[in-house]
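Subject: Structure for your review

Dear colleague,

Please find below the structure that I am handing over to you. My notes on what was found in it follow directly after it.

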Amino acid sequence: MTLDDLRVFVAVCRTGSLSAVARDLGRTQSAVSQHVRRLEKETGAVLLERHPRGVLPTEAGRILQAAAADGLAGLDGALRRLDTLVRGDGGSVRVTTGATTVRHFMAEAVVAFRREHPRASLEFQTENSSRSCFDALAADDLDLAWITIGSPVRGIEQRPVLRLPWVLAVGAEDPLAARSRLEPADLASIRHIRLPENSTSRAHLDGALAEAGIRISSDTSVADWDTALLLAELGLGHAVVPALPGWQVPGTDGPLRLVPIPALPPLAVGWAVRRWSSLTPLARAFADEVARSCVARAGR
């Protein structure tokens with residue numbers, strides 16, 4: 001049993017696909033299968049179940065996956081801390097997050113961090129949901145994930161940075177655009193542009209509306225908040241989205257208006273890590289810089 005065996009096995013469990021891991025690693029599917037077979041031979045247990053759409057870990061596989069992910073996380077953290085010691089103020093910080101997060105939450109922090117740590121590198125890995133970020137943290141050599149805060153996740157520590165109020169994004173000519181604020185009941189008649197499928201933000205909003213007894217119709221869905229804003233600006237519907245740092249609420253001078261919905265519970269966003277105590281000084285410095293920048297922008 002080698003570290004490479006365990007890394008490959010954890011990656012296979014995360015993706016549910018031998019072929020996907022083979023592509024990512026630049027290896028053949030047979031080579032990836034050999035890592036799994038070697039682990040099965042040494043443990044004496046069947047670790048994966050084959051299904052038409054891929055593979056899933058068995059009960060024994062889930063036990064090994066959890067232990068391996070925790071062990072690899074600790075080892076990777078130690079190696080990165082050693083690298084920082086050797087390289088002084090050099091080293092790298094690896095972050096996983098959504099496609100538009102850097103622009104909305106990190107732009108100023110990236111500039112400040114690079115100014116303070118000119119020899120350090122920043123690496124970003126894009127994922128399409130908070131769940132994907134959690135999986136990437138558990139399986140890969142990553143330091144931080146910027147996520148929408150949700151339910152507790154085993155082996156992951158979540159730390160809120162901002163609580164974002166909800167707004168209705170609507171074209172300037174729409175009757176609702178003239179309102180200074182909206183109540184959840186006002187949303188019953190909107191033509192809703194739904195947030196990304198399986199996203200924490202969508203689950204949060206759907207739950208809040210259901211609790212308020214509000215049902216809204218929708219014939220459009222999007223992959224990210226920016227697209228929801230664009231479609232609302234084009235007059236294709238109404239988007240209920242979190243108000244991101246730097247947005248002017250209520251309203252703008254352009255074709256789009258952002259009308260607050262203060263009765264909806266705010267959406268928490270922030271950092272997720274495997275262990276805060278295992279972060280390198282560089283990763284902690286970047287996390288703190290992003291938090292400072294976000295809070296400052298939100299207060300403007």
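Buried residues account for 48% of the 300 residues in the protein chain. Please keep in mind throughout that this is a predicted model.

To begin with the chain as a whole, its secondary structure consists of nine helices and twelve strands. Along the principal axes, the C-alpha atoms fill a box of roughly 65 × 50 × 30 Å. The accessible surface of the chain is about 14,800 Å², and 52% of that surface belongs to carbon and sulfur atoms. Among the contacts with a separation of 6 or more, 74% are made by residues 24 or more positions apart.

I turn next to one of the sheets. In general, the strands of a sheet pair through backbone hydrogen bonds, in either a parallel or an antiparallel manner. Here three strands form an open sheet, ordered β10-β7-β11, with antiparallel pairing. Strands β10 (239-242) and β11 (256-260) stand at the edges and have a single partner strand each, so one side of each lacks a neighbour in the sheet. On average, neighbouring strands of this sheet are turned by 35° against each other, direction ignored. Helix α8 (residues 225-233) packs on the sheet and touches β7, β10 and β11; the direction of α8 makes about 140° with that of β10. Between β7 (residues 166-171) and β11 there are five bridges, in the antiparallel sense. Ala169, for instance, has Leu258 in β11 as its bridge partner.

Asp143 also deserves attention. Asp143 is located in the loop between α6 (130-139) and β5 (144-148). Is this residue, Asp143, buried or exposed? With a relative accessibility of 7%, Asp143 counts as buried, because the cut-off for that class is under 20%. A polar atom of the Asp143 side chain lies 2.8 Å from the backbone nitrogen of Arg94.

Finally, there are the cysteines to consider. A disulfide is a covalent bond between the sulfur atoms of two cysteines. How many disulfides does a search of the whole structure find? The search finds zero. For Cys13, the closest cysteine sulfur is that of Cys133, at 19 Å, which is too far for a bond. For Cys133, the closest cysteine sulfur is in Cys294, and at 15 Å that is again too far for a bond. Cys13 is buried, with a relative accessible area of 12%, and Cys133 is likewise buried, at 2% relative accessibility.

Yours sincerely,
A colleague

Key
Residues numbered from 1 in each chain as written. Predicted model: local features only at pLDDT ≥ 70, side-chain atom pairs only at ≥ 80, totals over all residues. Heavy atoms only, no water. Pairing = 2+ DSSP bridges. Helix = DSSP H or I, 4+ residues; strand = E, 2+ residues; numbered from the N terminus. Axes fitted to C-alpha atoms, helices over the stretch in contact; angles between N-to-C directions. Contact = heavy atoms within 4.5 Å. Buried < 20%, exposed > 50% of the residue type's maximum accessible area, 1.4 Å probe, protein only. Polar contact = N/O pair within 3.5 Å; in protein donor to acceptor, adjacent residues only side chain to side chain. Areas by Shrake-Rupley, 256 points an atom, 1.4 Å probe, with all protein chains shown as cover. Disulfide = S-S within 2.5 Å.
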